[in-house]
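This report describes aromatic contacts and helix packing in one protein structure. The sequence and the coordinates are shown first, and the description follows.

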Amino acid sequence: MATSNAPGKVYLFGEHAVVYGEPAVPCAIERRATVTVETREDSRLRVSAQDLSLDGFTVEYDGTTAGQPEVDVTEELVEAAMGYVDGAIEQARDAADEPTAGFDVTVESSIPLGAGLGSSAAVVVATIDAAARALGVTLDREELADRAYQVEYEVQAGQASRADTFCSTMGGAVRVEDDDCQTLSSPDLPFIIGYDGGAGDTGALVSGVRALKSEYDFAADTVESIGDLVEQGLETLEDGDIEELGRLMDFNHGLLAALGVSSRSLDSMVWAAREAGATGAKLTGAGGGGCIVALDETDATETALNYSPACEESFRARLDTDGVRREE
Ligand code: PMV
């Protein structure tokens, strides 16, 4: 038996612009997915998902029958979750050169699903790591991050960046620019997350920015400005200047809003955070709904978000400097 866990993430800077080759800075947060794997006598795969922010479910299958398992959640969710776990198990089998190994897999996660906090990447990283170890192979982190990226790439039909999987594997703040991924040193960042309970459609939002950019020069300039701001943010991280980081987050949110990817609920949460005294606040991820991230050492922002009608859930999740962790 082997258990591994891996963190979710927020974007400190650079979402959307990263699609056009600009750098971005995702940061791991103290919210984790934990995966326990036991090998089986046969080559079947049994997956139980509990304590997810949606209903848990259990699915047993051998990967060869087309029959849909009987479970009490939407088919879409099961297919998505099974796709990630299935892909992760394939990677572990490949790494250990044991193509027919069977497993019981238990997934627990405190990362809200589909909210842009990197829950699927965390599950994939932890599953590959635990399943490979259950077969006697401990992967180095570079290989683990790369295998996790391959899974997201396949499940998301080529629409995945390395940001989530690299960040979840390595932990801390990272810099991602196309295939170039680096870990960064960073001060402790007191993140507060506000979640509106919804999610934007990432594909539609990315297409919307692409269309705007081809039609309006200001949008192309805005994407470049986000890239410049990220470079400034990288220097600021190195200096450890939290006040200035917050200011740059505010600017980044404004630039994302100019690209049309904010929403009423995201803007409301951003303003609730700022009015409560947050050092800075911005949407994180694709936008259109979902989450904002703010910096605040005090409890004021979390409290203000809890009272904000736009916010369904808010919580503190500091920068997590640990990536994948091996429990047993
Ligand atoms: O919502 P998330 O965490 O999947 O982030 C999307 C980030 C984008 O830059 C909008 C798209 C991408 O693939 O980088």
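A charge is taken to sit over a ring if NZ of Lys or CZ of Arg is within 6 Å of the ring centre and within 35 degrees of the ring normal. In this predicted model, Lys213 lies over the face of Tyr20, at 4.5 Å from the ring centre. Arg31 is likewise placed over the face of Phe315, with a distance of 3.9 Å from the ring centre.

**Aromatic pairs**

A pair of aromatic rings is described by the distance of the centres and the angle of the planes. The model contains two aromatic pairs. They are set out below.

| Pair | Centre to centre | Angle between planes | Class |
|---|---|---|---|
| Tyr149 and Tyr153 | 5.8 Å | 55 degrees | tilted |
| Tyr216 and Phe218 | 5.8 Å | 55 degrees | tilted |

Tyr149 and Tyr153 both belong to helix H3 (residues 141-155), where they are four residues apart, about one turn of the helix. Tyr149 is buried because its relative accessible area, 10%, falls under 20%. Tyr153, with a relative accessible area of 39%, is partly exposed.

**Helix H4 and its surroundings**

Two packed helices are described by the angle between their axes and the distance between the axes. For helix H2 (residues 119-134) and helix H4 (residues 163-170), the axes come within 9 Å and cross at roughly 55 degrees. H2 is therefore oblique to H4. The crossing of H2 past H4 is right-handed. On the H2 side the contact is made by Ala121, Ala122 and Val125, which meet Asp164, Thr165, Ser168 and Thr169 in H4.

How many of the residues of H4 are buried? Eight of its eight residues are, and H4 is thus mostly covered. These buried residues include Phe166, Cys167 and Met170, as well as Asp164, Thr165, Ser168 and Thr169, the H4 residues that meet H2.

The buried residues of H4 pack against H2 and H3, and also against strand S1 (2-13), strand S2 (25-40), strand S6 (174-177) and strand S7 (180-183). H3, one of these partners, is the helix that holds Tyr149 and Tyr153. After H4 comes Gly171, which has a positive phi near 75 degrees.

Conventions: Residues numbered from 1 in each chain as written. Predicted model: local features only at pLDDT ≥ 70, side-chain atom pairs only at ≥ 80, totals over all residues. Heavy atoms only, no water. Phe/Tyr/Trp six-rings, centres within 6.5 Å; stacked < 30°, edge-to-face > 60°. Helix = DSSP H or I, 4+ residues; strand = E, 2+ residues; numbered from the N terminus. Buried < 20%, exposed > 50% of the residue type's maximum accessible area, 1.4 Å probe, protein only. Axes fitted to C-alpha atoms, helices over the stretch in contact; angles between N-to-C directions. Parallel < 35°, antiparallel > 145°, perpendicular 65-115°, else oblique. Left-handed = near helix turned anticlockwise from the far one by under 90°. Contact = heavy atoms within 4.5 Å.
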